[in-house]
Amino acid sequence: MDEDTARTRLLDAAETLFYGRGIHAVGMDDVRTASGVSLKRLYRLYPAKEQLVIAYLERRDTRWRGRLAASVAEQPDPVGRLLAVFDWLGTWFAEPDFRGCAWINSFGEMGTTSPAVLAQVRHHKAAFHRYLVELVTAADRPAALADELLLLAEGAMVTAGVFATVEPAARARAAAARLVGAPHGMRGGREEVAPESRALRMT
């Protein structure tokens, strides 16, 4: 097994375990067992658990933002692209392995003890904010609107993770539509009839 393959296996295993069970609940032995990579090679590639956590978050950041951007880009209308952010969040929330935001989760576990993890969390959130600024600017809306959309998106992520429901994405989308001055059911520049509103289940 070459180093690239070993690294990929380790990161695949780390992502599944860290995201699914939590960072503190997973030991390096768990990653070794799940990856099939020897402990010696694991520590050669990642001498400390913190380094493995950072590598996991960096790789996930690239993939997460890439998936979001690809989905949003399918919408031809600039305002529709703003709302498509929340449509994509709803798709993400519906995935069977969804356990909330990996960066918020990591901040909760290590944000006060690991400056490197804190820096990676802030990098991801800042990049997401910059992306929203780009979308808002393209839609000819004030750049400050990105701050409000960020709070809606982040709140939806936390609520969806805690209550295991996709509903926060739709609620945040409706609020975003009001902020940007678009019809609630707008998709791709055209308005659709919105489904019947349902109460958010928090039980």
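Nine helices and two strands: the protein chain has 9 of the one and 2 of the other. This is a predicted model. Read along the sequence, the pattern is α-α-α-α-α-α-α-α-α-β-β.

Now the chain as a whole. It has 203 residues, and 44% of them are buried. The accessible surface comes to about 10500 Å². Carbon and sulfur atoms hold 54% of that surface.

Look at H6, residues 102-110. Which of its residues are buried? They are Ala102, Trp103, Ser106 and Met110. Why do they sit on the same side of H6? Because they cover an arc of only 90° around the axis. And what covers them? The cover includes H1, H4 and helix H7, which spans 115-138.

Two of those names come back at a pocket. I mean the second largest pocket. Helix H1 (3-21) and helix H4 (49-72) each supply at least two residues of its lining. The space in this pocket is about 210 Å³.

Which residues line the second largest pocket? Find Glu15, Thr16, Tyr19 and Gly20 among them.

Now sort the lining of the second largest pocket by class. How many residues are charged? The count is 7. Another 3 are nonpolar, and 2 are polar.

How values were computed
Residues numbered from 1 in each chain as written. Predicted model: local features only at pLDDT ≥ 70, side-chain atom pairs only at ≥ 80, totals over all residues. Heavy atoms only, no water. 1 Å grid on protein atoms, 1.4 Å probe; cavity = no way out; pocket = protein on both sides within 12 Å on 5 of 7 lines; lining within 4 Å. Points joined across faces, edges and corners; volume = space filled by probe spheres on them. Helix = DSSP H or I, 4+ residues; strand = E, 2+ residues; numbered from the N terminus. Nonpolar A, V, L, I, M, F, W, Y, C, P; charged D, E, K, R; others polar. Buried < 20%, exposed > 50% of the residue type's maximum accessible area, 1.4 Å probe, protein only. Areas by Shrake-Rupley, 256 points an atom, 1.4 Å probe, with all protein chains shown as cover. Arc of directions from axis to C-beta. Contact = heavy atoms within 4.5 Å.
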